[in-house]
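Visitor: I'm new to reading protein models. Could you walk me through one, term by term?

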Amino acid sequence: MKILILLVLTLAGSPPLFATEIREFADPEKAERYDRLIGELRCLVCQNQSLADSDADLARDLRNEVYEIIEAGQSEEEAIRFLTDRYGDFVLYRPPVKPMTFLLWGGPLLILLFAGVIGWRYAGQRKIQTIRAISEADRDKLERLKKQLDDGH
Amino acid sequence: MRFLIPLGVFLVMVIFLAIGLSLDPRNIPSPLIGKPTPTFHLPEVSDPSKTLTPESFRGRVVLLNVWASWCVSCRQEHPVLLDLAKRREVPILGLNYKDQLAAGRDWLSTFGNPYEASGFDQDGRVGIDLGVYGVPETFVIDKKGLIRMKHTGPVTPQALEKEILPLVLRLNQEP
């Protein structure tokens with residue numbers, strides 16, 4: 001219980017983890033677009049952080065670029081294209097589906113299918129074994145009963 | 001027979017993990033390979049009244065090396081570049097990335113200057129256009145101004161002999 005309370009307090013006490021500077025947007029809709037974008041783009045220096053989370057110098061520069069693109073009224077796609085043209089699909093946490101990434105997107109399904117086939121075959125074998133086991137037990141019983149019958153005579 | 005499937009799964013996992021371990025997560029393929037060098041107009045570090053543009057080295061196979069005085073691994077790479085400059089096999093151009101002019105000049109006079117010229121990219125905009133994410137980075141640019149290879153991290157003698165110089169040799173034979 002103590003641990004639970006401690007956990008709740010720790011989680012509740014942590015400040016929002018944003019490395020971002022305060023940005024002024026004339027249009028709240030643009031601010032929303034900006035926030036969404038930098039949360040979805042990967043920082044290339046600290047690869048497990050988004051542009052929004054990273055304190056790296058490059059992340060700040062790239063936030064600047066995204067800010068300028070959005071503030072200029074360009075679309076999210078254009079901001080994403082700006083970054084992928086320079087840094088590749090690596091900046092996207094959600095890479096696009098294309099021949100290069102078919103295995104990435106289809107891989108889990110393939111593994112699921114593979115596991116399904118294995119599971120199916122395993123279950124099938126188990127059933128046969130169980131049947132065989134039962135019939136063997138039955139045979140033993142049969143033998144014993146027969147013996148008893150013979151002894152009775 | 002019963003152990004064959006788990007053994008197979010285990011082997012496949014070992015293979016994938018081995019591949020994963022041998023890959024360098026910092027080595028991100030550049031989408032700029034085969035594309036023209038992004039255009040830029042930068043003052044030169046040694047003489048800011050001069051301008052460095054991709055036109056300055058059009059028609060020659062060159063290396064474009066991104067460096068900065070604050071970059072620790074650039075210092076490690078520097079002797080390799082100095083050596084290469086002495087051999088005169090390929091001209092080296094510099095991109096002084098997010099630096100101070102005085103600090104950059106100091107660096108070159110202290111450690112030696114392997115560069116034919118260095119462009120001064122103070123705000124790092126040209127770096128972003130080149131997809132720079134970790135200094136030092138080195139680009140091999142062909143005669144038509146197309147980027148043909150990118151090396152991330154310090155250029156090592158091995159990388160130079162095995163990858164960069166053979167490519168330069170090949171590109172020099174292209175029209």
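Predicted model: local features only at pLDDT ≥ 70, side-chain atom pairs only at ≥ 80, totals over all residues.

Visitor: Is B:Gly119 buried or exposed?

Guide: Buried means under 20% relative accessible area, exposed over 50%, and partly exposed in between (1.4 Å probe, protein chains only). B:Gly119 counts as buried because its relative accessibility is 0%.

Visitor: And which residues is B:Gly119 in contact with?

Guide: Contact means heavy atoms within 4.5 Å. Leaving aside neighbours within four places in sequence, B:Gly119 is in contact with several residues, including B:Leu42, B:Asn96 and B:Leu95. Take B:Leu95: it sits 24 residues from B:Gly119 in sequence, yet the two are 4.9 Å apart in space, C-alpha to C-alpha.

Visitor: What about B:Ser118, where is that found?

Guide: B:Ser118 is in strand E5 too, which covers residues 117-121 of chain B. With a relative accessible area of 4%, B:Ser118 is buried.

Visitor: Which side chain does B:Ser118 join in a polar contact?

Guide: A polar contact is a pair of N or O atoms within 3.5 Å; within protein, one must be able to donate a hydrogen and the other to accept it, and residues adjacent in sequence count only if both atoms are side-chain atoms. The side chain of B:Ser118 makes one of 3.2 Å with that of B:Trp67.

Visitor: Now the two chains. How much area is buried between chain B and chain A?

Guide: The size of an interface is often given as the accessible area lost when the parts come together. Buried area is what two parts lose that way (1.4 Å probe), summed over both. Between chain B and chain A the value is about 1500 Å², with carbon and sulfur atoms giving 54%. On the residue level, 18 residues of chain B are in contact with 18 residues of chain A.

Visitor: How many salt bridges are there between chain B and chain A?

Guide: A salt bridge is a side-chain nitrogen of Lys or Arg within 4 Å of a carboxyl oxygen of Asp or Glu. The count between chain B and chain A is five. A:Asp57 forms one with B:Lys98, their closest N and O atoms being 3.2 Å apart.

Note on methods. Residues numbered from 1 in each chain as written. Chains lettered and ligands numbered in written order. Heavy atoms only, no water. Helix = DSSP H or I, 4+ residues; strand = E, 2+ residues; numbered from the N terminus.
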